[in-house]
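Biologist: I'd like to learn how to read a metal site and a nonpolar core. Can you walk me through one case?

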Amino acid sequence: MLVYNTRTHRKQELKPIEEGKIRMYVCGPTVYDQIHIGNARTFLSFDVIRRYLIYKGYQVTFAQNLTDVDDKIINRANEEGRTAAEVAEEFSNAFIQQMHRFGIMDPDIRPRATREIEAMQQMIQILIDKGNAYVADNGDVYFSVRSDDAYGILSGRDLDQLRAGERVEVNDQKRDPFDFALWKAAKPGEPSWPSPWGEGRPGWHTECCAMIHRYLGTPIDLHGGGQDLVFPHHENETAQAMCAWGKPLANYWMHTGMLRVNGEKMSKSLGNFYTLKEVLDKYPADAVRLLMLQTHYRSALDFNFQMLEGAVGTVERLRTCVKNLRWAANNAQAQNELGEGERALGQAIDQARADFVAQMDDDFNTSGALAAIFALVTAANKYLADAGGNASTALTLRAADTLAELGDVLGISLSADEDELPHELVDLARQYASYEGDSASEAADALLTARQEARKQKNWGVADSIRDGINALGLVCEDTAAGSRLRKANDNK
Ligand code: AMP
Ligand code: ZN
């Protein structure tokens, strides 16, 4: 399996540190507001990477932090007259809730910065003792980039060029403008913890590093985040790990491309964002996932609602195919000999799985993997149309199960439960089909049979009354090659 490594600028064979096991970490959100769909794209990419590694048989341990102390949280708390802890609690919960709605698997370990102060202080002390960090006059502790010859190794930046080219925050406590805070001395009214260097709070770059060391051990296999984290966040993380423990933080560094609107990165500061919540309030999670997965995770993704509308239809088309396959399997009238059509579908099933795996093995090419799914759907639809009422139960089931299995790897559920049919169908069937039972699905079958019978006898009045009764319940009769059935009227085909 090939994985693109930001550190080496190329795809490399994935070689886990421990055979059969992957330890991975993805930087979590700063919890001061609802996350936007750009953030969600990054979390989705790593959710699918994780799902695929599990599918391949790896035992994956996945950790993700919550940055629950930060300037943005403190600012919001001050504006709203609340404590920083209250703001962080609200948006940690909101984040977890939206991740669940979006079908993102919970991490195995979810450390919170405010509960890991001791681990961070231990790491900072090691860095001070080794001469890689210094305590400034005001009680801040800084990492000294000049003390680290390898600084710049991840992002491929050279400190001298950086100094010449980039504007950096002026801070008279720092010895070098690129030195970064490991510990920030407390300001009045801010949350703080006691430390050997005075009251204060940890710096952002210190958090992830200390948590990875504590919960996963260094190095880990995969470390991920959005491309905007390569510098300085991940550069700083890896510098700390290398200097503190003499080990790289991760063997493979993976970064997702930015989600953009109108060619610009979606971000809170530009104000051009949609929250994940507002999008999921209007659109099904599966459609949002499908839309995002149609672009490779390393490429920029240009988001627009027109494409999302298209994705809603695509997911429906995939689901309808699985539904039709299962329905054909249940209603196969005769188990026919395996003929040309069955051989073709059998081959399409094997080919789809092989293509899916080949695409995902190539640095998680989800758009190629989706193409493999679409190819199977096309083959399955053709088979169903050709087979009419004589579909093979075994093959239609195998095709449906394969589609559902591959969908699951992408976290897109294709084997949704059969639509619940309304119980009023029973009354209708009593009226028109002399039905005496109490099951909505039996009643539906009885009504469809009665309607067919009435049409055969050119009894149009009765046939139309049955249809109208069915329509009045929000259902439509659908006549397919293999027979008739009911579906919800607004259920786009
Ligand atoms: P933050 O809370 O800003 O640290 O962001 C959380 C995650 O979302 C990080 O991995 C960021 O790199 C990522 N991210 C931020 N903006 C975007 C974007 N427009 N597209 C994709 N990922 C993003
Ligand atoms: Zn991080």
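Biologist: What spacing do the donors of the zinc ion (ligand 2) follow along the chain?

Modeller: In this predicted model, the donors of the zinc ion (ligand 2) run C-x180-C-x24-H-x3-E. Cysteine 27 sits in the loop between strand S3 (21-26) and helix H1 (37-55), while histidine 233 belongs to helix H7 (residues 230-245), so the two tie together parts 206 residues apart in sequence.

Biologist: Which atoms coordinate the zinc ion (ligand 2)?

Modeller: Cys27 (SG), Cys208 (SG), His233 (NE2) and Glu237 (OE), at 2.1 to 2.2 Å.

Biologist: And how do I read the angles?

Modeller: Start from the ideal: four tetrahedral donors would give 109.5 degrees. To count as tetrahedral, all angles have to lie between 85 and 135 degrees. Here the four donor atoms around the zinc ion (ligand 2) subtend 78 to 123°, so the arrangement is irregular.

Biologist: Is cysteine 27 buried or exposed?

Modeller: The cut-off for buried is under 20% relative accessible area. Cysteine 27 has 5% relative accessibility, so it counts as buried. Histidine 233 is buried too, with a relative accessible area of 1%.

Biologist: Now the core. Which residues touch the most other members of the largest nonpolar core?

Modeller: Met24, Leu53, Phe102, Phe356 and Phe364, out of 93 residues. Helix H12 (residues 366-387) gives the most to this core, with 11 residues. Apart from this core lies another, of 43 residues, including Tyr25 and Leu182.

Biologist: What is leucine 53 in contact with, leaving aside neighbours within four places in sequence?

Modeller: Its contacts are Met1, Leu14, Ile22, Met24, Tyr58, Val60, Leu222 and Phe364.

Terms used:
Residues numbered from 1 in each chain as written. Chains lettered and ligands numbered in written order. Predicted model: local features only at pLDDT ≥ 70, side-chain atom pairs only at ≥ 80, totals over all residues. Heavy atoms only, no water. Core = buried A, V, L, I, M, F, W, Y, C linked by side-chain atoms within 4.5 Å. Buried < 20%, exposed > 50% of the residue type's maximum accessible area, 1.4 Å probe, protein only. Helix = DSSP H or I, 4+ residues; strand = E, 2+ residues; numbered from the N terminus. Contact = heavy atoms within 4.5 Å. Donors = N, O, S within 2.8 Å, 3.2 Å for Na, K, Ca; no water. Tetrahedral: all angles 85-135°; square planar, octahedral: opposite > 155°, others 65-115°.
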